[in-house]
Amino acid sequence: MAERKERAMEAAGPKLDPERERAILTTTLEVLAETGYEALRLDTVAARAKASKATLYRHWPGKAELVVHAVQCYEQYDFAKDADTGSLRGDLIATLAGMRDMMSGPPGQLMTGLVAALQKDADLARVVRTSMLEDKQQVTRRLLDRAIARGELPADTDPDIFQEVATGVMFMRIFLSGEPVDEKYLAHLADDILIPLMARRFND
């Protein structure tokens with residue numbers, strides 16, 4: 001998470017005082033929760049955070065960058081912790097548990113609002129795809145590299161399988177069906193769906 005913050009701020013320009021940055025990002029999340037992405041205005045964020053609009057633009061090129069950075073820096077967003085448990089199964093279950101906790105909490109609620117806005121806002125779509133998705137892909141790549149090194153997966157395992165399948169299934173259960181995503185279900189998802197899909201070339 002610290003690396004993600006540093007990358008975002010390096011792209012944004014000179015660093016703000018940490019307390020000022022925290023105040024602006026917290027205010028951004030508050031306004032986002034109240035208004036949704038489309039209706040969020042930087043003037044509102046600036047006024048409530050007691051910062052000038054010019055300050056926001058000096059550190060974030062636009063609304064999309066500010067909102068995505070705020071969501072990324074949200075404490076509970078960091079579901080993609082590099083859970084190195086020593087086995088593919090353990091890593092998958094730990095990562096799935098983090099995804100569940102994030103999607104079930106405030107960050108997940110904010111993300112659902114952003115997903116709807118992605119279809120209408122090209123700038124937001126660009127920032128999300130080059131920032132948030134990159135974070136997830138890096139964690140997945142490290143997870144796969146460890147499993148390949150241990151001989152648990154073939155070297156040509158598709159890195160997109162985990163993100164596409166796991167994200168889709170978790171989104172369906174948490175936001176649509178409302179069915180439980182308990183430890184038993186996470187084990188089922190890892191054992192009966194993800195691992196067979198990811199390791200299928202061993203049996204070809």
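Tutor: Please keep in mind that this is a predicted model. Let us start with threonine 28: setting aside its neighbours within four places in sequence, threonine 28 is in contact with Leu40, Val45, Leu66, Val67 and Ala70.

Student: Which helix is threonine 28 found in?

Tutor: Threonine 28 belongs to helix 2, which covers residues 18-35.

Student: And does threonine 28 count as buried or exposed?

Tutor: Threonine 28 counts as buried, because its relative accessibility is 0%, and buried means under 20% relative accessible area.

Student: What about the largest nonpolar core: which residues touch the most other members?

Tutor: Those are Ile24 and Leu114, in a core of 30 residues. Two or more residues of this core come from each of helix 2, helix 3 (42-48), helix 5 (63-73), helix 7 and helix 8. Helix 5 provides the largest share, seven residues.

Student: Which domains does this core draw on?

Tutor: It takes at least three residues from each of domain 1 (1-74) and domain 2 (80-199).

Student: Back to Leu114, then. What is leucine 114 in contact with?

Tutor: Beyond its neighbours within four places in sequence, leucine 114 is in contact with Leu32, Tyr37, Val67, Val71, Leu124 and Met132.

Student: New topic: what is the volume of the largest pocket?

Tutor: The largest pocket has a volume of about 570 Å³. Its lining has 25 residues, and Met111, Val115, Leu133, Lys136 and Thr167 lie nearest the centre.

Student: Which helix gives the most to that lining?

Tutor: Helix 8 does, with seven residues. At least two lining residues are supplied by each of helix 6 (88-104), helix 7 (106-118), helix 8 (122-149) and helix 9 (160-177).

Student: How many of the lining residues are nonpolar, polar and charged?

Tutor: The lining has 14 nonpolar, seven polar and four charged residues.

Student: One more residue: where is isoleucine 193 found?

Tutor: Isoleucine 193 is in helix 10, residues 183-198. Its relative accessible area is 25%, so isoleucine 193 is partly exposed.

Student: What does isoleucine 193 contact?

Tutor: Leaving aside neighbours within four places in sequence, isoleucine 193 is in contact with Val165 and His188. Isoleucine 193 and valine 165 are 28 residues apart in sequence, and their C-alpha atoms are 8.7 Å apart in space.

How values were computed
Residues numbered from 1 in each chain as written. Predicted model: local features only at pLDDT ≥ 70, side-chain atom pairs only at ≥ 80, totals over all residues. Heavy atoms only, no water. 1 Å grid on protein atoms, 1.4 Å probe; cavity = no way out; pocket = protein on both sides within 12 Å on 5 of 7 lines; lining within 4 Å. Points joined across faces, edges and corners; volume = space filled by probe spheres on them. Helix = DSSP H or I, 4+ residues; strand = E, 2+ residues; numbered from the N terminus. Nonpolar A, V, L, I, M, F, W, Y, C, P; charged D, E, K, R; others polar. Buried < 20%, exposed > 50% of the residue type's maximum accessible area, 1.4 Å probe, protein only. Contact = heavy atoms within 4.5 Å. Core = buried A, V, L, I, M, F, W, Y, C linked by side-chain atoms within 4.5 Å. Domains from an automatic or database assignment.
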